[in-house]
Amino acid sequence: MNRLILSLPLVIFSSSCATRSELPTGQQAYQIVPVEAAPVGEQDYLIGPLDRVTVIVFKEPDLSVQDVPVDSAGKLALPLLGTVSANGKTAETLAAELRQGLRTYIKNPFVSVSVNSITQKVVVEGSVNQPGVFDIRGNSSLIEALAMARSPTDLADLDQVFVFRRVGGKMQGARFNLRRIRTGLDPDPAIIAGDRIVVGLDAVASAWREYISSPVFNIFRIL
């Protein structure tokens, strides 16, 4: 019976460690998510929910809007055109689409779009105590973002902390070792608006907790 009791944790350990992330780590990870965030100009910024924008249609004040919010679904309400999607578009791209739409009503319309107020948000999910969407102001870091989510849980796998970021129009991901960052062995990468942080679950710890709380384990202890 003792051999059976000892073998179960080994099975849990071996099966839980079978899968690991293949996302870039080390120097490759820091190439995707550097320690210092490069400033994002308005020409590169992707409009998102709750941002505030101004749309000017030259010589058409009735079709222009000043400092209006993008709604939570990423939509923008405009005269004549109605509701248009602004989410994930640069100001230049949105202006080009509005010009195309207005050509039905106006000959050669000139449209400019500017972003007045940027709502900087990051998503933190996975094995953290309070997952959610959080506001960031100016420069932030991975440790600061995780602190907003009330830190990883006791079952978190601290060397499986992922940051997903859109780079050059494509979504890329990097894996960091939070334990090394906390002890100063690795630098704390910069977090920018739009990043998605996912903290992995330590499958070994999770499986062990389930095992020791199971009725089978309690029966073995009694025996």
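Here is a quick tour of this protein chain, from its overall make-up down to a few individual residues. Keep in mind that the model is a predicted one. The chain has 223 residues, and buried residues make up 36% of them. Its secondary structure comes to seven helices and twelve strands.

**The chain as a whole**

- The chain exposes about 13200 Å², and 54% of that comes from carbon and sulfur atoms.
- Take the contacts between residues at least 6 apart in sequence: 59% of them join residues at least 24 apart.

**The nonpolar cores**

- The largest nonpolar core holds 24 residues, and the members that touch the most others are V124, L142, L146, F176 and I197.
- Several elements give two or more residues to this core: the helices α2, α4 (142–148) and α5 (178–182), plus the strands β6 (121–126), β9 (156–167), β10 and β12 (196–201).
- Strand β9 gives the most to this core, with four residues.
- There is also a second, separate core of 22 residues, and I47, V55, V84 and A86 are among them.
- Back to V124: leaving out residues up to four places away in sequence, V124 touches P131, G132, F134, A145, L146, A149 and I197. Two of those names, L146 and I197, also turn up in the list of core members that touch the most others.

**Aromatic rings**

- Searching the whole structure turns up three aromatic pairs.
- One is Y30 with F176: the ring centres are 5.1 Å apart and the planes sit at 75°, so this pair is edge-to-face, the label for angles over 60 degrees.
- Y30 belongs to helix α2 (residues 26–32) and F176 to strand β10 (residues 170–176), so the pair ties together parts that are 146 residues apart in sequence.
- Y30 counts as buried, at 13% relative accessibility.
- F176 counts as buried too, at 3% relative accessibility.
- Another pair is F58 with F110, whose ring centres are 6.3 Å apart; their planes are at 85°, so this pair is edge-to-face.
- Are F58 and F110 buried or exposed? Both F58 and F110 are exposed.
- A ring can have a charge over it as well: the charged end of R196 sits over the ring of F164, 5.2 Å from the ring's centre.

**Two loop residues to look up**

- T90 is found in the loop between β4 (82–85) and α3.
- T90 has a relative accessible area of 14%, so it counts as buried, the cut-off being under 20%.
- Which residue's side chain does T90 join through a polar contact? The partner is T93, and the contact between the two side chains is 2.9 Å.
- E22 is in the loop between α1 (2–16) and α2.
- With a relative accessible area of 81%, E22 is exposed, because exposed means over 50%.
- E22 and A174 are 152 residues apart along the chain, yet 9.2 Å separates their C-alpha atoms.

Terms used:
Residues are numbered from 1 along each chain as its sequence is written. This is a predicted model: local features need pLDDT of at least 70, side-chain atom pairs count only at pLDDT 80 or more; totals for chains, interfaces and linings use all residues. Side-chain values use heavy atoms; hydrogens and water are left out. Rings of Phe, Tyr and Trp (its six-membered ring) pair if their centres lie within 6.5 Å; planes under 30 degrees apart count as stacked, over 60 as edge-to-face and the rest as tilted. Buried means under 20% relative accessible area, exposed over 50%, partly exposed in between (1.4 Å probe, protein chains only). A charge sits over a ring if NZ of Lys or CZ of Arg is within 6 Å of the ring centre and within 35 degrees of the ring normal. A polar contact is a pair of N or O atoms within 3.5 Å; within protein, one must be able to donate a hydrogen and the other to accept it, and residues adjacent in sequence count only if both atoms are side-chain atoms. Contact means heavy atoms within 4.5 Å. Accessible areas come from the Shrake-Rupley method with a 1.4 Å probe; for residues, only the protein chains shown count as cover. A nonpolar core is a set of buried Ala, Val, Leu, Ile, Met, Phe, Trp, Tyr and Cys residues joined through side-chain atoms within 4.5 Å.
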